[in-house]
Number of protein chains: 2
Amino acid sequence: MNAHLPPPPRRPSSDFVNGTTRLFGIVGHPISQARSPEAITPALQARGLNALLVPIDIAPADLPELFPALLRIGNLDGLVITVPHKAAIMPWLDRAGPRAIAAGAASVLARSADGQWLGELFDGTGCCASIENRGVGIAGSTVQLLGAGGAGSAIAVEMLARAPATLRIHDPDTDRLETLTARLEKLNAPVKIEAGFGPADILVNASPVGMQAPDDCPVPASYLKPDLVVMDCVIEPDPTRLLRLAREAGSLTIGGWEMFDSQIDAVCDFFTHVNEGKIGDVIFPG
Amino acid sequence: MNAHLPPPPRRPSSDFVNGTTRLFGIVGHPISQARSPEAITPALQARGLNALLVPIDIAPADLPELFPALLRIGNLDGLVITVPHKAAIMPWLDRAGPRAIAAGAASVLARSADGQWLGELFDGTGCCASIENRGVGIAGSTVQLLGAGGAGSAIAVEMLARAPATLRIHDPDTDRLETLTARLEKLNAPVKIEAGFGPADILVNASPVGMQAPDDCPVPASYLKPDLVVMDCVIEPDPTRLLRLAREAGSLTIGGWEMFDSQIDAVCDFFTHVNEGKIGDVIFPG
């Protein structure tokens with residue numbers, strides 16, 4: 001006869017993940033720097049959803065095989081797309097929003113109630129919202145944008161909808177600068193579009209200057225004045241050298257984290273509205 | 001001049017997921033019933049890992065395209081495999097453990113330090129451990145196993161390593177019963193292997209009886225005696241009718257949750273040992 005033992009104590013259960021958890025992800029390469037998992041997960045859970053947003057590291061060479069496969073996971077409801085995949089994933093969208101079409105890139109994808117994948121670009125929305133959230137009006141102003149790459153293109157497209165008097169764009173890569181200004185002209189917005197660098201009411205740095213080399217600043221210190229509003233899309237370091245110099249010059253400064261944070265509710269709205277089939281013609285006209 | 005506003009308060013950050021989180025998953029269809037996410041995630045985190053185990057719902061028709069793609073996600077370190085994919089995923093393993101080879105199925109996969117995917121079958125380990133954890137010796141005993149399917153096969157293979165005197169197996173599907181007993185005979189264990197149903201020291205229900213129809217019991221009530229040990233692999237309902245009747249008859253009863261819980265440490269060991277390249281020839285001989 002064996003000496004029987006009592007059952008072991010029950011193991012602890014997670015209170016944030018189980019078999020019914022809906023999955024969201026951020027796809028990029030590398031992915032360790034991504035802030036969406038820690039920032040968007042609490043925002044989804046605050047809406048009462050049993051959901052997580054997890055990092056998904058996909059190398060560029062693997063994207064053509066992995067990305068369409070990923071979209072068929074049954075409990076995957078949405079994706080954030082980051083560097084370097086924002087333009088590359090466009091062919092797999094069933095439907096793209098107007099900002100994504102204008103910029104040729106998407107930053108957020110959601111699965112609709114009927115199984116379609118819809119994508120839109122929120123980078124510009126976040127930048128403009130972070131400026132407006134600080135009481136700064138864009139309409140009628142002169143905006144100096146630095147950088148005509150992915151972030152710069154998205155911001156330029158969104159800026160047009162806010163009707164500044166002038167949108168002036170600088171980029172040392174004159175080819176992509178011309179491509180962007182030509183594309184913007186086609187949108188027929190009532191905004192003067194210029195290539196170049198000069199005086200402005202609002203300066204937006206959408207170039208990577210200040211990210212890799214934290215002592216670099218994309219404009220001369222003499223450019224920074226008390227009546228200038230300075231927005232830097234670079235998140236790390238916080239503050240960047242640009243923002244430190246701007247603060248010393250008396251400018252209102254807006255950091256990359258404000259741009260990032262101001263997108264969170266819009267991204268969560270997009271996820272939940274698309275998932276629930278509530279996406280309207282306002283976001284997807286035609 | 002605008003009336004400028006202060007920066008918004010920082011948004012809350014998750015304390016359990018960020019860009020550096022390592023991903024684990026459970027692949028099955030359906031997936032909502034899976035207990036691994038809520039049970040294995042705390043166990044991984046208790047080891048100091050920044051890791052999550054998330055549900056991944058893959059329909060059988062999608063498995064050939066999705067599964068190999070999934071294995072190439074850069075920050076995916078391990079997978080639990082559940083119904084109906086345990087046998088189907090075998091072709092994508094770079095290396096299979098002895099239990100997986102013997103049963104033709106794997107329940108846990110881990111990525112090794114050199115990028116290979118290793119798989120092993122833990123269902124039998126969990127069943128035998130849950131019996132032994134209650135002070136019941138398997139060596140020299142007569143074991144009556146019900147069910148020659150996926151779970152039954154895994155348990156039969158593991159039982160042989162514990163050297164009962166007799167392993168008797170019952171299954172109404174005589175074809176798969178014969179397939180299993182023939183496969184077990186080839187392992188040349190010093191155990192008498194029988195097909196059929198009769199008196200025993202330990203009864204293990206690895207059939208689905210009692211799961212879908214909770215009033216069903218896989219054996220007559222008269223079979224249940226005080227000196228019988230009764231283990232039921234069915235997790236829900238808890239207890240099953242078999243375990244309720246066995247308890248009334250004075251048997252020692254062991255529930256499916258004990259089998260599940262007793263695998264958790266072994267599964268986490270497998271994940272971390274394989275990930276860190278510490279998997280030895282004990283688990284993967286030859």
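A residue is called buried when its relative accessible area is under 20%, exposed when that area is over 50%, and partly exposed in between, as found with a 1.4 Å probe on protein chains only. The views below show a predicted model, in which local features need pLDDT of at least 70 and side-chain atom pairs count only at pLDDT 80 or more, whereas totals for chains, interfaces and linings use all residues. Residues are numbered from 1 along each chain as its sequence is written, chains are lettered from A and ligands numbered from 1 in the order in which they are written, and side-chain values use heavy atoms, with hydrogens and water left out.

**View 1. A:Ala163 and B:Ala163, each with a positive phi.** A:Ala163 has a positive phi of about 55°, although this residue is not a glycine, and it sits in the loop of chain A between helix H5 (150–161) and strand E8 (166–170); helices (H or I, at least four residues) and strands (E, at least two) are DSSP runs, numbered from the N terminus. With a relative accessible area of 32%, A:Ala163 is partly exposed. In chain B, B:Ala163 likewise has a positive phi of about 55° without being a glycine, and its loop runs between helix H5 (150–161) and strand E8 (166–170) of that chain. B:Ala163 counts as partly exposed too, at 33% relative accessibility.

**View 2. The contact between chain B and chain A.** Chain B brings 58 residues to this contact, and chain A brings 58 residues, where contact means heavy atoms within 4.5 Å. Between them the chains bury about 5,000 Å², with 57% of this area on carbon and sulfur atoms; buried area is the accessible area (1.4 Å probe) that two parts lose on being put together, summed over both. Of the area that chain B buries against chain A, 14% comes from B:Arg10, B:Arg11 and B:Arg72, more than from any other three residues.

**View 3. Polar contacts and the side of chain B that touches chain A.** Between chain B and chain A, 23 residue pairs are in polar contact, both residues being at pLDDT 80 or more; such a contact is a pair of N or O atoms within 3.5 Å, and within protein one must be able to donate a hydrogen and the other to accept it, while residues adjacent in sequence count only if both atoms are side-chain atoms. On the side of chain B that touches chain A, at least two residues each come from helix H1 (36–46), strand E2 (51–57), helix H2 (63–70) and helix H8 (256–275) of chain B. H1(B) gives the most to this side, with seven residues. The residues of this side divide into 30 nonpolar, 16 polar and 12 charged, where Ala, Val, Leu, Ile, Met, Phe, Trp, Tyr, Cys and Pro count as nonpolar, Asp, Glu, Lys and Arg as charged, and the others, Gly among them, as polar.

**View 4. Salt bridges between the chains.** Eight salt bridges are counted between chain B and chain A, each being a side-chain nitrogen of Lys or Arg within 4 Å of a carboxyl oxygen of Asp or Glu. One salt bridge joins the side chains of B:Asp62 and A:Arg72 at 2.3 Å, N to O. In another, the side chains of A:Arg10 and B:Asp238 meet at 2.8 Å, N to O. This pair crosses between chains, from A:Arg10 in the segment before strand E1 (22–28) of chain A to B:Asp238 in the loop between strand E11 (229–232) and helix H7 (241–248) of chain B. B:Asp238 is partly exposed, with a relative accessible area of 39%.

**View 5. A salt-bridge network in chain A.** A:Glu158 forms a salt bridge with A:Arg162, and their closest N and O atoms are 3.0 Å apart. Both A:Glu158 and A:Arg162 are buried. Through salt bridges that share partners, A:Arg99, A:Glu120, A:Glu132, A:Glu158 and A:Arg162 are joined into one network.

**View 6. The surroundings of B:Ile131.** B:Ile131 belongs to helix H4 (residues 123–132) of chain B, and this residue is buried, with a relative accessible area of 0%. When residues up to four places away in sequence are not counted, B:Ile131 touches B:Val136, B:Ile138, B:Met159, B:Ile202, B:Val204, B:Met231 and B:Ile254. B:Ile131 and B:Val229 are 98 residues apart in sequence, and their C-alpha atoms are 8.5 Å apart in space.
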